[in-house]
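Hi everyone, thanks for coming.

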Amino acid sequence: MQEGIVLKSLGQVYNVLTKNGDTVSCTLKGNLRMKAISTTNPAVVGDTVTIDEVAPGEYVVTDVATRKNYIIRKSKKLSKQFQIIASNIDQVFVLVTISHPKTNNTFIDRILITAEAYGIQAHLIFNKTDLYTEKNKIDAAERIDTYTTIGYPCHSVSLLDNKSQRDPFGQVASLKKLFVNKVSLLCGMSGTGKSTLINHLVPGINRKTGIISKAHKKGTHMTTFSEMIPLSGGGFVIDTPGIQEFGLADISKYELSQYFREMNLYRDKCKFNSCMHANEPGCAVMQAVDEGKIAVSRYESYLSMLFNEGEEEVRYD
C-alpha cells in the first residue's frame, strides 16, 4: 500500500499521483462508496488517499484521509446531497468579470462565505480589464473597494490569449507568484477566464478556451470536471467546471452572518441575541448598512442567502 493525492475524478475512476511521482488509475473500494451517503463523491480532487495494487497495474483506493478543509456546494440534481468540489485547499481564487459575462455579486459572496466557513484564504481576480467601458471601470472600482476594505485581496488583469504571451504590465507574472507552493482552487462562472489562466500558469498545457455568446453574454463550459494540476514552481492549481449556481451547504441561517467579516464587527451589538439582521428592531448590522459602514451589495447577498437558504440559482444578468 502507498499514499497519493487524487488529481482527477472521472466517475468511478480516479487518477492518483503517488509519492514516487507516478500517476495511476484507481477504482474505489466498495465499502468507501457506502460512506458517501450525504455527498455525491466519496473521494475528491485534493484528497490524500491510500491505494493498493490488487493485481499488476490494477489499483484500488482503500482509504481517504481526514480532510483539513474543502469547498462544498449543494448538488444541483440531488438537492438533498452535497457535492465536494475539492479538498485540502490553501487558497481559492474567484475569477470575476464585469462584462462578457457579468459576474453576479451574490455568486462571488457565496464562494467567499464558503471559503470563510472552512478557513480558506480567498482572492478575487478581476479579469478582462481590456474590455472595460467607462461604466465598467466605475463598477469594477466600486467592487474592488468593497472587497479590499473587508480584507480580500483583489487583482486586476487582462488574461489575453496565451499564444500572444503579452503581459506588458507584468500583471500575469505578479499573479503567478501567488500560486507557488500552494494548493490553489480556481472558481468562476463559465467564460471568466479560468482556462486562459491555467494556460499562463502551466505552459504547454493548451487548455481550450471558450467563446462568449453574443446573444446571451454567457460563457461556454470548457471544463467538465475538477482537475488538480502540478505547477513547475511547486504547488498545484485546481481547475473546476464553470459554475452557474453555488448553493451553500453545511451553513445554517443562524450562523450565516458570522462568515460576513464586516457583520462580525456589529452582530454582537444588536438588541436581541437572536437577531437575524433582517427586520428586527435595534439591529446594529442594519444600522451599519444605513450608515454606509457595510456595503449594500454585501447585505443584499446576505439576505439572498438567508431567505433562500443557499438554494437559489445565480443567473447571468
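First, some ground rules. This is a predicted model, where local features need pLDDT of at least 70 and side-chain atom pairs count only at pLDDT 80 or more, while totals for chains, interfaces and linings use all residues. Residues are numbered from 1 along each chain as its sequence is written, and side-chain values use heavy atoms, with hydrogens and water left out.

So, what is the secondary structure of the protein chain? It comes to seven helices and 13 strands. Those are DSSP runs, numbered from the N terminus: helices are H or I with at least four residues, strands are E with at least two. Of the 317 residues in the chain, 51% are buried. Buried here means under 20% relative accessible area, exposed means over 50%, and partly exposed is in between, using a 1.4 Å probe and protein chains only. Then there are contacts, meaning heavy atoms within 4.5 Å. Take the contacts between residues at least 6 apart in sequence: 65% of them join residues at least 24 apart.

Now the inside. By nonpolar core I mean a set of buried Ala, Val, Leu, Ile, Met, Phe, Trp, Tyr and Cys residues joined through side-chain atoms within 4.5 Å. The largest one has 38 residues, and those with the most contacts inside it are Val92, Leu112, Leu124, Tyr147 and Leu185. Several elements supply at least two residues each, including strand S8 (91–97), helix H3 (134–149) and strand S11 (183–187). Which helix gives the most to this core? That's H2, with five residues. Look at leucine 112: leaving aside neighbours within four places in sequence, leucine 112 touches Val94, Ala122, Leu124, Tyr147, Tyr152 and Arg298. There is also a second, separate core of 21 residues, and Ile251, Tyr266, Cys270 and Ile294 are among them.

Let's stay with H2 and see how it meets H7. Two packed helices are described by the angle between their axes and the distance between the axes. The axes of H2 and H7 come within 9 Å and cross at roughly 75 degrees. Axes are lines fitted to C-alpha atoms, for helices over the stretch in contact, and angles run from 0 to 180 degrees between N-to-C directions. So H2 is roughly perpendicular to H7. For that label, 65 to 115 degrees is roughly perpendicular, under 35 roughly parallel, over 145 roughly antiparallel, and the rest oblique. On the H2 side the contact includes Asp109 and Leu112, and on the H7 side it includes Arg298 and Met305.

Next, the rings. Rings of Phe, Tyr and Trp (its six-membered ring) pair if their centres lie within 6.5 Å; planes under 30 degrees apart count as stacked, over 60 as edge-to-face and the rest as tilted. By this rule we get four aromatic pairs. In one of them, the centres of tyrosine 70 and tyrosine 118 are 4.9 Å apart with the planes at 40 degrees, so the pair is tilted. Tyrosine 70 is in strand S6 and tyrosine 118 is in the loop between H2 and S9, 48 residues apart, so this pair links distant parts of the chain. Tyrosine 118 counts as buried, at 18% relative accessibility.

Another pair, tyrosine 299 and tyrosine 302, is stacked, at 6.3 Å centre to centre and 25 degrees between the planes. Both lie in helix H7 (residues 296–308), three residues apart, about one turn of the helix.

Finally, the backbone. Most residues other than glycine have a negative phi, and most peptide bonds are trans. Histidine 100 has a positive phi of about 60 degrees, though not a glycine, and the peptide bond from histidine 100 to proline 101 is cis, with omega near -5 degrees. Histidine 100 lies in the loop between S8 and H2.

Is histidine 277 buried or exposed? Histidine 277 is buried, with a relative accessible area of 2%, whereas histidine 100 is partly exposed at 36%. Histidine 277 also has a positive phi, near 60 degrees, and is found in the loop between S13 and helix H6 (284–290).
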